[in-house]
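Biologist: I'm new to this one. Can you put it up and walk me through it?

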Amino acid sequence: MKTKFDVEFPITASPQLLYQYISTPSGLSEWFADNVNSRGEFYTFIWGDSEERAKLVTKKTEEKVKFRWLEEDDSETDYYFELHIVLDELTKDVLLVVTDFAEADEIKDHFEELCNQSRQERIAKLQAELDALNAEKNS
C-alpha cells in the first residue's frame with residue numbers, strides 16, 4: 001500500500017502564470033518530466049527510459065490539476081498526483097504543492113527524487129521563465 005506525501009516549492013510568480021506550467025504538456029515538460037505527451041485526457045510522462053501514463057481527472061483554472069496514475073492496460077489505480085497552487089492571501093506568497101504516493105519504504109527516495117539537484121534546476125528554470133514573463137508583462 002502506498003502512502004500519500006506532499007512537497008512544497010515556493011514560487012515567485014502569479015498563480016495565473018504558474019498555472020500555464022502545471023496544466024499543459026509543454027509546461028510540464030519544462031520542469032516536471034523530460035517530456036509530456038497528451039491525447040485528450042490521457043497523458044504520458046517520460047523520465048529518461050521510463051514512461052508513466054495518467055488520466056487528467058481535475059483541472060481547476062489557476063488553482064490545480066490532478067492526474068490519476070494508470071496501469072499498463074489503462075485501468076485507473078487508486079493513486080494520483082496533484083499539482084496545487086496555494087496563494088497566501090495575506091502575504092501573496094505562492095507555493096506549488098506536489099502531492100503524490102509512494103511505498104512507505106520508498107517515500108524518502110521519492111521525496112529526494114522530487115527535490116534532487118536536477119529537479120531543483122528544473123524548478124529554478126521554471127522560476128526564471130516565470131520571472132521573464134513577469135518582466136515582459138510589466139514592461
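Modeller: We'll go through some strands, then the core and the rings. Bear in mind that this is a predicted model.

Biologist: Let's start with strand β5. Is it covered or open?

Modeller: Mostly covered. Strand β5 spans residues 64-70, and six of its seven residues are buried.

Biologist: Which way do β4 and β5 run, and how many bridges join them?

Modeller: They run antiparallel, with six bridges between them. β4 covers residues 50-60.

Biologist: How many residues separate β5 and β6 in their hairpin?

Modeller: Five residues lie between them. D74 in the turn has a positive phi of about 70 degrees.

Biologist: Tell me about T77. Where is it, and is it buried or exposed?

Modeller: T77 lies in strand β6. T77 counts as buried, because its relative accessibility is 13% and the cut-off for buried is under 20%.

Biologist: What does the T77 side chain reach?

Modeller: Two backbone atoms. A polar atom of the T77 side chain lies 2.9 Å from the backbone oxygen of W69. The T77 side chain also reaches the backbone nitrogen of Y79, at 3.1 Å.

Biologist: New topic. How many residues are in the largest nonpolar core?

Modeller: It has 32 residues. Those with the most contacts inside it include L18, W31, F45 and F67. Helix α1, residues 15-23, gives the most to this core, with five residues.

Biologist: What does F45 touch?

Modeller: Leaving out residues up to four places away in sequence, F45 touches a list that includes L28, F32, V36, A54, F67, W69 and F81.

Biologist: Now rings. How many aromatic pairs are there?

Modeller: A search of the whole structure finds 14. In one of them, the rings of Y43 and F67 have centres 4.9 Å apart and planes at 75 degrees, so the pair is edge-to-face.

Biologist: Why does that pair tie together separate parts of the sequence?

Modeller: Because Y43 is in strand β3 (residues 42-47) and F67 is in strand β5, parts that are 24 residues apart in sequence.

Biologist: Are Y43 and F67 buried or exposed?

Modeller: Buried. Y43 has a relative accessible area of 4%, and F67 has 1%.

Biologist: What about Y79 and F101?

Modeller: They form a tilted aromatic pair, 5.3 Å centre to centre with 55 degrees between the planes. Y79 is in β6 and F101 is in β7 (residues 94-103), so the pair ties together parts 22 residues apart in sequence. F101 counts as buried, at 14% relative accessibility.

Biologist: Which residues do ring pairs link into a cluster?

Modeller: W31, F32, Y43, F45, W47, F67, W69 and F81.

Biologist: Last one. Where do K2 and K66 sit?

Modeller: Over rings. The charged end of K2 sits over the Y79 ring, 5.2 Å from its centre. K66 lies over the face of Y80, 4.2 Å from the ring centre.

Terms used
Residues numbered from 1 in each chain as written. Predicted model: local features only at pLDDT ≥ 70, side-chain atom pairs only at ≥ 80, totals over all residues. Heavy atoms only, no water. Buried < 20%, exposed > 50% of the residue type's maximum accessible area, 1.4 Å probe, protein only. Helix = DSSP H or I, 4+ residues; strand = E, 2+ residues; numbered from the N terminus. Pairing = 2+ DSSP bridges. Polar contact = N/O pair within 3.5 Å; in protein donor to acceptor, adjacent residues only side chain to side chain. Core = buried A, V, L, I, M, F, W, Y, C linked by side-chain atoms within 4.5 Å. Contact = heavy atoms within 4.5 Å. Phe/Tyr/Trp six-rings, centres within 6.5 Å; stacked < 30°, edge-to-face > 60°. Lys NZ or Arg CZ within 6 Å of the ring centre and 35° of its normal.
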